[in-house]
Amino acid sequence: MRRLKFILALFACLLGWAKPVLALDPSMRLDALYHDIWREKEGAPREIEAMAQTADGWLWLGTTSGLYRFDGVKFTPFAPRDGGRLLGASITVLLPRPNGELWIGYTLGGLSVVRDGRLEHVSAKPGEPIGATFALAFDAEDSLWVASSSGLFRYRDGRLERVGADWGFPGNYAEYVYHDHYGRLWASDGKQIFLLDRAQRRFAPVMATTRYPMLLASPDGRIWALAGNAMQVLPAPPGGWRPRPESRLRSSSFQSLFDRDGNFWNGNCPVGLCRILPATWRRERERILIGKGEERFDQPWQMSSLNVHSMMEDREGNLWVGTIAGVERLRPNKLRHVPFDEQTENAYLVEDGDGVLWAATTGMDDLGRLWQVRDGVPVAQESDQKVYLVAVGKDGSVLLGGGERIERRRGERVLATYSLPARGPKDPTRNFVVMVADDGDALWVAIAGRGLFRWQDGVWHPPAAHPQIKGPTSYGRDARGRMWFGLRNNRLLMRAEDGRWHAFGEEQGINVGPVRFIDMQHELVIAGDFGAAVLRGNRFHPLLADRPELLAGVSGLAVTLDGDRWLNTVRGLVHVRAEDWRRSMRDARLPLRTTVWNGLDGYPGSAETVSRGRTALVARDGKVWIVTTEGLAWFDRGQLWRNPEAPAVEVLALQADGVSYRPDELAAFPSGTEQLQFDYTALSYTMPERVRFRYRLVGLDHDWQEVGTRRSAYYTNLGPGNYRFEVGAVNEDGVASAVASTPEFSIRPHFWQTAWFALLCASAVALAAWLLYWLRMRQVQRQFQARLRERLHERERIARTLHDTFLQSLQGLVLRLQSLALRMEAGSPMRRELDSALDLADKVIAEGRDQVMDLRLDEAVPSLAQALAEAADMLREGSGVRVAVRTEGACVQLPCALHLEVFHIAREAIANAVRHARASLIEIDLRCEGGEMLLAVRDDGIGLDPQVQASGRPGHWGLVGMRERADKIGARLAIRNRPGRGTEVVLRLADVAITQEQAPEDRDAALASVSTMS
């Protein structure tokens, strides 16, 4: 059975989709169309005599107060770019051209054309001015024909020519001219209608007419002549009638038209607006009366004025009506409203197993009524009781909840009745049934003020029989027949097959407030005042949406055959595509992507949330029905009209620091320009309120900015540079526009914002940094020189003190001992011991002199090679070690401090070789080349222990001192063993300033050079 229902519903949907989708669908009642009115308080001009839509998409209004443009949001008086002026304020005719031109006719005569925003006027021959203009038409030869109070004119190749008796057109008065889609030209003088024979260059009368005739082409291609309260078909062209082609250029200065969907619209019939449906005029072959129409707006509250002056259909299929008081638009609604006879307070809607729609309503008068909805129209049903609600039984029957009993019906047959439980003395005086549910075994009936009763096995079980349920706010039955009840306290109860109750609450993830809605078509979905949740496993998870407020107040959920979800909410009808629903079901963290239908789409009121029934359903024929506070509404997925026109986007103006510019005026703005405002629009007239924009400023923005419906862009604190503004739009049905952009423009920099200024600043900063560095180095140099001089003076003082006191005293002591030794007998033991002590004293004196030499910078310091040779001779004395000194290159004198550090490193290496290496030969190599000095001390001894080589001998600081001295002067020191050949110490000093030998008076300069190298 389910499979059969599915196939039938799918077949119905396919049949629906096979029908053409119409903009102003004739099957939609006139009052069901969306009707907008702009009056003077909304900015609209009055007395709109003519309307046109040009090739660029703009809607133009010719009025008695001038020419206006309208983008669906704002009315703007036309201001020519060249500063020109209209020939008059009162305009009667507008005619657009494919090349973008707009031709203008005036009440007091004259002819103008707007080209690229500039205004040009047509010059008439002297003595033959163009009078009040009634109609304009271009023929196949690109000639303009003008019907005016001064006659019929033809304008071609810049020349205006009167068309009169020589053309077969009588008199100096023409009321109408029309060029049909067969290439024929028609004209009228208000008495007869003429047809031009091009071969003969003559007009021939075709039929008599009355004043102010009008010619129209119906969609089937017939040409009709309208005069008074009737319209008549004109003769067919050779080859017969063919359908009227659609044009993107629209205009009208009259009060009647055929729209693309076949509706005939007529103004002032005798007042207001009338519509004749296609089926009516199509069955008439020659003539039809149009004075009254089949549907009409003829009440003052229905229109801005009942005096219609002009009418036009735009390229999107919207109908525009110009009146004496403003402008109006009629467009299709997505939702079709089904109102009831009285003001509805609560409503229920169900579909029984036979596909019949049943409704129950309660009004302000507490009169519960029963309805069937047939072909979208509610039909009242007879009942001998007040019917407050309808529900569907498990067997497909309809359950009627009345004030006296519950009825089970199938069509017109009453299958069963269940009298309501008897009222007690404290019960309310009426039985107001608010819920009826059938689980297959029992009926659950909630009565306001009395509680929830269960009918089972012919007996009513009172609320005390199931005390768990108090104040149910919603209910549902799952596929296993289990009943679920939503409660006010954020809880949900489930009655299992065995009769046991299971509770769900906050511990199970419910956080929606009062559970007002339960749906089990696919997933178990619940909703309340604060959101919605879905059951996954044994826990509820919140439903997220891209706009979280949309899921608050859900009272109905319809699932169409394609899997799309339609949620009836207090915000409107929320649509979630099937793939987006599945995506969020797979990952609860992903919000639902939604679109919303609200009042702009024909949604009447808001969702019904008081009733405990479902407020959304998919009928067997595929229509989606919803219950609202103002009745019912429905739509057919297969008959939804979509706006296929991409919005025409245009940048209107740019304001730079408060000064306005046209886009074509953009070039270069003066330096200091920081604030820009771009005004733009999109020419989409069906739902301009739903057009969404995005823009970017190339040169600043990396990505597009999505700004919704805002039609201005603001930028502040802009710097100099080149820019281009780009903007795009999407209409209400997702059709995107091409990107519109301004010409590239620039903002000139201040002189301090130029590259030259930046380079100059960078140079100044670099120079300042260099000067600061130079000054700092001079300061450091002076400080270093002062400290070095202080140390030098201190060393010299110590050296003088040692020389003048200690060494002199020691030398005197040695001399006295020497005199004593000479008095002793040569070779005696005492003489030998004293000679030995004297030798030791000589060594002490020698070492003391060495220390004095280290402390004192001798004014005649020997060269480094000479100093090393002398040190080696002194150190090897008595050891038997041979020393070889080799020099290579121009090794001249080093600065004093540097000379001493290198000497101490080399002398320590020589001393180590003599004392510890057991060497027989020490080689000293000194090589200077290319600003680099290499000093090597090699021996042929036993080598160094690796541990000693790495960290020195415990308690000895020779190797450590050598490395510290090398680091101090920026030299590289290597100490390594030569396999089988002893130890090698290599000192490499690179990029040193090798100076010439210095005179003693140049010592301060030498100190300065040392401080600089440090």
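Is Asp601 buried or exposed? In this predicted model, Asp601 has a relative accessible area of 0% and is therefore buried. Its side chain forms a salt bridge with Lys334, with the closest N and O atoms 3.9 Å apart. Asp601 lies in the loop between strand 54 (595-597) and strand 55 (616-618), whereas Lys334 is placed in the loop between strand 29 (327-331) and strand 30 (336-338); the pair thus links distant parts of the chain, 267 residues apart. Lys334 also counts as buried, at 16% relative accessibility.

Salt bridges that share partners also join Arg886, Glu923, Asp925, Arg938, Arg976 and Glu984 into one network. The count of salt bridges comes to 57. One of the pairs is formed by Asp142 and Arg97, whose closest N and O atoms are 2.1 Å apart. Asp142 is located in the loop between strand 10 (133-138) and strand 11 (144-148), and Arg97 in the loop between strand 6 (91-96) and strand 7 (102-106), so this pair ties together parts that are 45 residues apart in sequence. Asp142 is partly exposed, at 45% relative accessibility, while Arg97 is buried, with a relative accessible area of 15%.

A further salt bridge connects Glu175 with Arg211, and here the closest N and O atoms are 2.4 Å apart. Glu175 belongs to the loop between strand 13 (159-163) and strand 14 (176-179), and Arg211 to the loop between strand 17 (202-208) and strand 18 (214-217), 36 residues apart. Glu175 is buried at 3% relative accessibility; Arg211, at 44%, is partly exposed.

The largest nonpolar core contains 39 residues, of which Trp145, Leu152, Phe203, Leu215, Met231 and Phe264 touch the most other members. Apart from neighbours within four places in sequence, Leu215 is in contact with Tyr176, Tyr178, Trp186, Ile193, Ile223, Trp224, Ala225 and Leu234. A second, separate core of 33 residues includes Leu894, Phe903, Ala913 and Ile924.

One disulfide was found in a search of the whole structure. It joins Cys269 to Cys274, with an S to S distance of 1.7 Å. The link of Cys269 and Cys274 is right-handed, with 95 degrees about the S-S bond, and both cysteines are buried. Cys761, by its relative accessible area of 32%, is partly exposed.

Asp365 is exposed, with a relative accessible area of 52%, and is found in the loop between strand 32 (357-363) and strand 33 (368-374). The C-alpha atoms of Asp365 and Asp873 are separated by 134 Å, the two residues being 508 residues apart along the chain.

How values were computed
Residues numbered from 1 in each chain as written. Predicted model: local features only at pLDDT ≥ 70, side-chain atom pairs only at ≥ 80, totals over all residues. Heavy atoms only, no water. Helix = DSSP H or I, 4+ residues; strand = E, 2+ residues; numbered from the N terminus. Buried < 20%, exposed > 50% of the residue type's maximum accessible area, 1.4 Å probe, protein only. Disulfide = S-S within 2.5 Å. Core = buried A, V, L, I, M, F, W, Y, C linked by side-chain atoms within 4.5 Å. Contact = heavy atoms within 4.5 Å. Salt bridge = Lys/Arg side-chain N within 4 Å of Asp/Glu carboxyl O.
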